[in-house]
Amino acid sequence: MHCPHLHKLALDCCLKITDHGLEHVANGCHQLQFLSLYRCAVSDNGCSFIASGCPLLQTLNLSHCQGVTDVGISALSLGCRMLKDVTISYCKNISGEGFSLCSSLEGLEADSCCLADCGIQNISKKCFSLQHLKLSHSLSGIRLSSFGVSNIGTFCKNLKVLNLRMCRFIDNFAVVKIATGCFILEDLNLAVCEGVSFEGWEAIAVMCKNLQTLHANRCRNFCDRSMLALRIGCTNLRFLYLHGCPNLSRAYVELFKQSRSQVKILTIECML
């Protein structure tokens, strides 16, 4: 009631914050631009309150909010038309179909989620301003497949950062689509993507001409030929995260270092 000009509110781990509390926030803080509800007990009703009362919202963190579904995301998409960055990590009840009106969205973090193929297709098609997308640890075998992820390459033409770390269901089909379609990609994380073999790495080397950072840690099918392809391609590459690749010999790593001395090879895996 007394903070009408409040722009930023972080309620992380405030476990007693409920939808009723968010209703008061929405009624009084119409200037809110940043809201973090990490691990709060909120649901779709709370999202609806925020959508109706905070039209200027740009950044929203809903990670670990298990009560939020596509219904709440749809309400936010409709009411908060300036949303730029959304985090829904560990929200197991969101398929992705609720992002149909988020045309202003530039960044989406969805670690350890159960997004569906139709949801990824919806995000890729409708969020055409998307520049940063994080899908690491996505749960496969239920609703999301490599075919669904391939939509990123078909529609996300403005994507610069893509994190698919530990998405073990990713295969060459999706990687080739991404490499071909996301031609301004600068940072690509495929660590522990065991289904990517030479065909996928070759596509990255040939097509990703703006790529500066590549994560290939613990990719068992990253081999000598893959390293040779990168040595010839990816001319703007600056950082290569590489360790735990059993089919890669030390000799080819040394050959790469000799011809691409400007590229820093890092053995510490980036967990973010």
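This is a predicted model: local features need pLDDT of at least 70, side-chain atom pairs count only at pLDDT 80 or more; totals for chains, interfaces and linings use all residues.
Before you click: residues are numbered from 1 along the chain as its sequence is written. Local features need pLDDT of at least 70 and side-chain atom pairs count only at pLDDT 80 or more, while totals use all residues, and side-chain values use heavy atoms, with hydrogens and water left out.

**Stop 1: the whole protein.** Show everything as cartoon and you'll have 10 helices and 11 strands (DSSP runs, numbered from the N terminus: H or I of at least four residues for helices, E of at least two for strands). The radius of gyration is 20 Å, close to the 19 Å that the globule rule gives for 272 residues, so the protein is as compact as a globular protein of that length (taken over C-alpha atoms; the rule is 2.2 Å times the number of residues to the power 0.38). Along the principal axes, the C-alpha atoms fill a box of roughly 65 × 35 × 30 Å.

**Stop 2: the inside.** Colour by burial: 51% of the 272 residues are buried (under 20% relative accessible area, 1.4 Å probe, protein chains only).

**Stop 3: helix 7.** Select residues 172-181. Buried here are N172, A174, V175, I178, A179 and G181.

**Stop 4: the cap.** Zoom in on D171, which caps the N-terminal end of helix 7. One of its side-chain oxygens sits 3.2 Å from the backbone nitrogen of F173, a polar contact being a pair of N or O atoms within 3.5 Å, one able to donate a hydrogen and the other to accept it, and residues adjacent in sequence counting only if both are side-chain atoms.

Methods. Buried means under 20% relative accessible area, exposed over 50%, partly exposed in between (1.4 Å probe, protein chains only).
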